[in-house]
Amino acid sequence: MNLYNRRTLVGGAAIALLIAGVISYFASPSPDGLEKAQEELGAAAPVRQAVEVPPVVFQEYNLKWLGEGFWANAAAGGAGSLLVLALLLGIGRLLRRGGETLGGEGRSASPRS
Amino acid sequence: MHIASGFLSPPVWAASAAVSGTALAASLALARRRLDDRRIPLMGVMGAFIFAAQMVNFPILPGTSGHLGGGFLLGILLGAPTGVIVMASILVVQALVFQDGGVEALGANIFIMGVVPCLLGAAARGLWLRPKPGLAAYAVTLAAGILAIVAGASLAILCLWWSDALPRGISLAHALALMGGIHAAIGIVEGAVSVAVVRFVLAVRREAVLGPACADSYKEAA
């Protein structure tokens, strides 16, 4: 992988990890806009059978074994960000392999001033 | 703005899953031609960033918070097809790993936070690809960012309404006004953050934002 792409990945991941791992701990605990509207409308409780996803590793945005503190949130946020990153790189690679039509290797070297 | 599990009726979640599934399939087909070496890493880190940003609820009104949607921003930076793929990936991870958003509501949530804002962002994308995006780009982005969030919020209420998940005494107009009002405020933040992030990413990774389709026009402009 060339330097340009490595810098995109390292820089972008560092920003995402800072936000997911540190800044998110200071997020507002208030209900979000939809939850608040549902509360005010008296529509906050499920009206039919909910699909329960078992909290295998993460209890919402906390790593289960660490309870609810800063580190539980940091681990969940960091892991989630990296999981999304890995998933998208995988999808991108698969798509790229399937469609070698435009923008082949020849173009990747160009506009760098 | 994730619809949780236990609210949508089978016809509503099935219909929205069909619509979003079709949109996602079309996005995968279209994105193929637009991905190049530089864009795949950008797509990945933008996904990680939006996932992270969605964890940061900010206070918006007393007792109410909001968080970034991100689909609008992705539409500007990556175009609609790639943006939809990124949002769908985030929403699937949130629903399956973090119990955030209902599994059966994924179709609706992908439409509300992915398809709709990505299309609006893609509509504003052209303004940012000019050599010097000016006040017009900022103003349109702010306005379209608010619109993207309010449109998504209204669709969420409609999905709940069609699912009989709102109490009988509540009128649709009242629910839409309440939800729209809260999300107009959240939308201002969405629009402003989108302007800031687009400016930053264009400053540091312009080539990756332009992608293969624009590589030649970029060379001419430069």
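Me: On what basis are the residues, chains and values given?

Reply: Residues are numbered from 1 along each chain as its sequence is written, and chains are lettered from A and ligands numbered from 1 in the order in which they are written. This is a predicted model, in which local features need pLDDT of at least 70, side-chain atom pairs count only at pLDDT 80 or more, and totals for chains, interfaces and linings use all residues.

Me: Which pattern does chain B follow along the sequence?

Reply: Chain B contains seven helices and two strands. In sequence order, the pattern of chain B is α-α-β-β-α-α-α-α-α.

Me: What is the radius of gyration of chain B?

Reply: The C-alpha trace of chain B spans about 60 × 35 × 25 Å along its principal axes. The radius of gyration is taken over C-alpha atoms, and the globule rule is 2.2 Å times the number of residues to the power 0.38. For 222 residues that rule gives 17 Å, and chain B is close to this value, so it is as compact as a globular protein of that length; its radius of gyration is 17 Å.

Me: What share of the residues of chain B is buried?

Reply: A residue is buried if 20 or more other C-beta atoms lie within 10 Å of its own, exposed if 12 or fewer, and partly exposed in between, with C-beta atoms placed from the backbone. In chain A, 29% of the 113 residues count as buried. In chain B, which has 222 residues, the buried share is 59%.

Me: Is B:Ala14 buried, exposed or partly exposed?

Reply: B:Ala14 lies in helix H1 (residues 10-34) of chain B. B:Ala14 and B:Gly107 are 93 residues apart in sequence and 7.8 Å apart in space, C-alpha to C-alpha. Because B:Ala14 has 13 other C-beta atoms within 10 Å, its class is partly exposed.

Me: Which helix gives the most to the side of chain A that touches chain B?

Reply: Two residues are in contact if their C-beta atoms, placed from the backbone, lie within 7 Å. The contact takes 60 residues from chain A and 69 residues from chain B. Helix H1 (3-21), helix H2 (33-40) and helix H3 (70-98) of chain A are the elements that give two or more residues to the side of chain A that touches chain B. The helix that gives the most, with 15 residues, is H3(A).

Me: How is H1(A) oriented relative to H2(B)?

Reply: Axes are lines fitted to C-alpha atoms, for helices over the stretch in contact, and angles run from 0 to 180 degrees between N-to-C directions. The axes of H1(A) and helix H2 (residues 39-54) of chain B come within 8 Å and cross at roughly 5°. Angles under 35 degrees count as roughly parallel, over 145 as roughly antiparallel, 65 to 115 as roughly perpendicular and the rest as oblique. The orientation of H1(A) to H2(B) is therefore roughly parallel.

Me: How are H4(B) and H5(B) oriented to each other?

Reply: The axes of helix H4 (residues 80-97) and helix H5 (residues 106-128) of chain B come within 9 Å and cross at roughly 150°. Residues that meet there include B:Ala80 and B:Gly83 in H4(B), and B:Leu106 and B:Asn109 in H5(B). The two helices, H4(B) and H5(B), are therefore roughly antiparallel.

Me: How are H3(B) and H5(B) oriented to each other?

Reply: The axes of helix H3 (residues 71-78) of chain B and H5(B) come within 6 Å and cross at roughly 40°. Among the residues that meet are B:Phe72 in H3(B) and B:Trp128 in H5(B). H3(B) and H5(B) are therefore oblique.

Note on methods:
Helix = DSSP H or I, 4+ residues; strand = E, 2+ residues; numbered from the N terminus.
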